[in-house]
Amino acid sequence: MEMTHRYRLAHQAISQSNRLLAVCHRRPDGDTLGSAAAYLTWAERQGMITRAFCLDPVPEEYRFLPSAERFTTDPAVFNELWDTVVVFDAGDLKHAGVDELLHGLRPRPRIIAIDHHFTNERYADIDVVHPHASSTAELVHGIFRENRLPIDRELAMCLLVGLINDTDSLTNPAAHQSAFAAASDLLAGGADWQTTLGLFVKNRPIESLRVMGRVLGRLKYDPETGVASSALFIDDCPTGDCQTDGIVNYLGNHLDAEVILLLKERPGGEVRGSLRTVLEADVSAVAQSLGGGGHRKASGFTVTGVIAEEPHGWIVRRTHRTH
Ligand SMILES: [Mn+2]
């Protein structure tokens, strides 16, 4: 099915709803939040009843988004009657943390997925899934344009936040020509570039940069495999509130290596791995084999184990199998 057809089908279903619930993935980023905020704002203007669910709260820096006050972390929102649930930027319902919540709903609402994860499990009744899109925001932009919905400054801002989030300010391999075209259209619609950029640059407290310094100090490179790796331990940030999400993207943008692996020690004996590549190589296959998911060029996984140092790299010693 052509994407334009999916754009029409999804919007038709959304616009016919009276009660719309948006779902964002856990540990929400600018893409899942900006995309949901744009659609929710549009829906509210049509007089629909809207809410949004995310397992984790909306981070402080995204609270300026219109509709941010529609978000709740309380699963009780699923007890209300919804005719349509739109899941933004989540490859599977587990990732969004809603698989059981959604499957328990009676009557079952229509489920729509708008997503660009290569590993999307096609769990929805209507999929707007395109793994080559830079961001979910780019797809929402496509839906708005295909259905001739006016994009004003407020909506443009939401979508630009999503697009800039996933393309590392239009610098990473996801920044195809179509991402620039969408960004340009959103700027023409009144989105403010400097304000959007301000969310992603000059925003790190000194402690986060110190943590990054430790990760950089541990970098290792294996010339045989082309994999550069580093590790981040719980003790690096005893307070637990250091921003560590951007470190692997920083490495991806600045390091001349084919594949980048960052291992993060997590509470409970878990290790989270983040993979980046500039190659045609598909790192999502590696992540998938370890029970994770993501994109061809940016993927992740979580396993039970401990981080170990080898001469040419950091590895995970599995303590027992994941389920
Ligand atoms: Mn995304």
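Predicted model: local features only at pLDDT ≥ 70, side-chain atom pairs only at ≥ 80, totals over all residues.
Residues are numbered from 1 along each chain as its sequence is written, and side-chain values use heavy atoms, with hydrogens and water left out.

Strands here are DSSP runs of E with at least two residues, and helices are runs of H or I with at least four, numbered from the N terminus; two strands pair if DSSP finds at least two bridges between them. Strand β4 is joined to β5 (residues 110-115) by 5 bridges, and valine 86 has isoleucine 112 in β5 as its bridge partner.

The metal site comes next. A manganese ion is coordinated by Asp31 (OD), Asp89 (OD), His116 (NE2) and Asp166 (OD), at 2.1 to 2.3 Å; donors are N, O and S atoms within 2.8 Å of the metal (3.2 Å for Na, K and Ca), and since water is not among the atoms, sites may look incomplete. Aspartate 89, in the loop between β4 (84-88) and α3 (93-96), and aspartate 166, in helix α6 (residues 153-166), are 77 residues apart, so that this pair links distant parts of the chain. Aspartate 89 is buried, with a relative accessible area of 2%, and aspartate 166, at 15%, also counts as buried; buried means under 20% relative accessible area, exposed over 50%, and partly exposed in between (1.4 Å probe, protein chains only).

Two further residues can be set side by side. Threonine 32 belongs to helix α2 (residues 30-45) and counts as buried because its relative accessibility is 0%. Beyond residues up to four places away in sequence, threonine 32 touches Cys24, His25, Phe88 and Asp89. Proline 57, by contrast, is in the loop between β2 (49-53) and β3 (71-72) and counts as exposed because its relative accessibility is 53%. Leaving aside neighbours within four places in sequence, proline 57 is in contact with Pro28 and Thr73.

Notes: Contact = heavy atoms within 4.5 Å.
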